Amino acid sequence: MTDETKKTGPDAGKHETAAENAAEAVASGQQDQETVEGGESQTAEPDPIEAIRAENADLRDRFLRMAAEMENLRRRTERDVKDAKSYSVAAFARDMLAVSDNLRRAIDAVPAEIRAAADQSLTSLLEGVEMTERSMLSALERHGVKKMDAEGQKFDPNFHQAMFEIPNPEVPNNTILQVVQAGYTIGERVLRPAMVGVSKGGPKVEATTALGESETTNG
């Protein structure tokens, strides 16, 4: 029997099968490696559509924030401009109030009996001073300066300055009974607090209010 005949026996079949298995294993390994590399390639490269969506969302968020900041800036600017227009004359108006006070003192310095018996010259002088005072207060009012009506009101430290107390048991405690110097506001701010005298020794406001409500209910 020759060598070629020996190779065609059972052992030759086993060698062929082993060779085929080895080839399949190599091919399978290469396929798995390609699959892994393909997966890594897909993981490394994100979806471009998702990237664009994320970028659009970020840009939209930035735009909304910027729009909100611009709106806040616009409102602050409008408020600052309005305050500047309303309160730019505050210092000047306060000085003019001092002049108006002096005019009022000059008028009040003339007793009523002297004024009643005054000649034409003194009467004209007093009328001119009064007209000047009215004209000045009218001009201030056109610029937002208004006089407070403090007498008879409850004392408020935000608008009034207490100078003295007046014993009076007939009116509620801390009621303004006398105005020494008129107070003024400009816009929503106090230009000058009113100097006042307040009551002392009367019933408390809370008790008086409760009594009034009780009488209303019984009635």
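Ile186 touches Ser86, Tyr87, Val89, Ala90, His143, Gly144, Val145 and Leu191, residues up to four places away in sequence being left out of this list, where contact means heavy atoms within 4.5 Å. The coordinates belong to a predicted model, in which local features need pLDDT of at least 70 and side-chain atom pairs count only at pLDDT 80 or more, whereas totals for chains, interfaces and linings use all residues. Residues are numbered from 1 along each chain as its sequence is written, and side-chain values use heavy atoms, with hydrogens and water left out. Ile186 is found in strand S4 (residues 184–186), helices (H or I, at least four residues) and strands (E, at least two) being DSSP runs numbered from the N terminus. Ile186 counts as buried because its relative accessibility is 3%; buried means under 20% relative accessible area, exposed over 50%, and partly exposed in between, with a 1.4 Å probe and protein chains only.

Ile186 and Leu140 are both listed in the largest nonpolar core, whose eleven residues are Tyr87, Ala90, Ala93, Leu97, Met136, Leu140, Val145, Ala182, Tyr184, Ile186 and Leu191. Helix H4 (90–108), helix H6 (120–142) and S4 each supply at least two residues of this core, and H4 gives the most, with three residues. A nonpolar core is here a set of buried Ala, Val, Leu, Ile, Met, Phe, Trp, Tyr and Cys residues joined through side-chain atoms within 4.5 Å. In soluble globular proteins, nonpolar side chains tend to be buried together.

Strand S4 also takes part in an open sheet of three strands, which has the order S1-S4-S5 and antiparallel pairing. Strand S1 (145–147) and strand S5 (189–192) stand at the edges, each with a single partner strand, so one side of each is left without a neighbour in the sheet. The twist of this sheet averages 35° from one strand to the next, axes being lines fitted to C-alpha atoms, for helices over the stretch in contact, and angles running from 0 to 180 degrees between N-to-C directions. S1 and S4 run antiparallel and are joined by three bridges, with Lys146 standing opposite Thr185 in S4; two strands pair if DSSP finds at least two bridges between them.

A further open sheet of three strands has the order S2-S6-S3, with mixed pairing. Its edge strands are strand S2 (160–167) and S3, each of which pairs on one side only, and neighbouring strands of this sheet are turned by 30° against each other on average, direction ignored. S2 and S6 run parallel and are joined by seven bridges, and His160 stands opposite Ala194 in S6. S3 and strand S6 (residues 194–200), by contrast, run antiparallel and are joined by four bridges; Val179 stands opposite Val196 in S6, and Gln181 stands opposite Met195 in S6. S6 is mostly covered, in that five of its seven residues are buried.

Gln181, which lies in strand S3 (residues 176–181), counts as buried because its relative accessibility is 16%. The side chain of Gln181 makes a polar contact with the side chain of Asp101 at 3.3 Å; a polar contact is a pair of N or O atoms within 3.5 Å, of which, within protein, one must be able to donate a hydrogen and the other to accept it, and residues adjacent in sequence count only if both atoms are side-chain atoms. Gln181 touches Asp101, Arg105, Arg192, Ala194 and Met195, again not counting residues up to four places away in sequence.

In the loop between S2 and S3 is Asn174, which has a positive phi of about 65° although it is not a glycine. Most residues other than glycine have a negative phi. Asn174 counts as partly exposed because its relative accessibility is 33%.

Over the protein chain, the secondary structure comes to seven helices and six strands, in the sequence pattern α-α-α-α-α-α-β-β-β-β-β-β-α. Of the 219 residues of the chain, 16% count as buried. Among contacts between residues at least 6 apart in sequence, 67% join residues at least 24 apart. The chain exposes about 16,700 Å², of which carbon and sulfur atoms supply 54%; accessible areas come from the Shrake-Rupley method with a 1.4 Å probe, and for residues only the protein chains shown count as cover.
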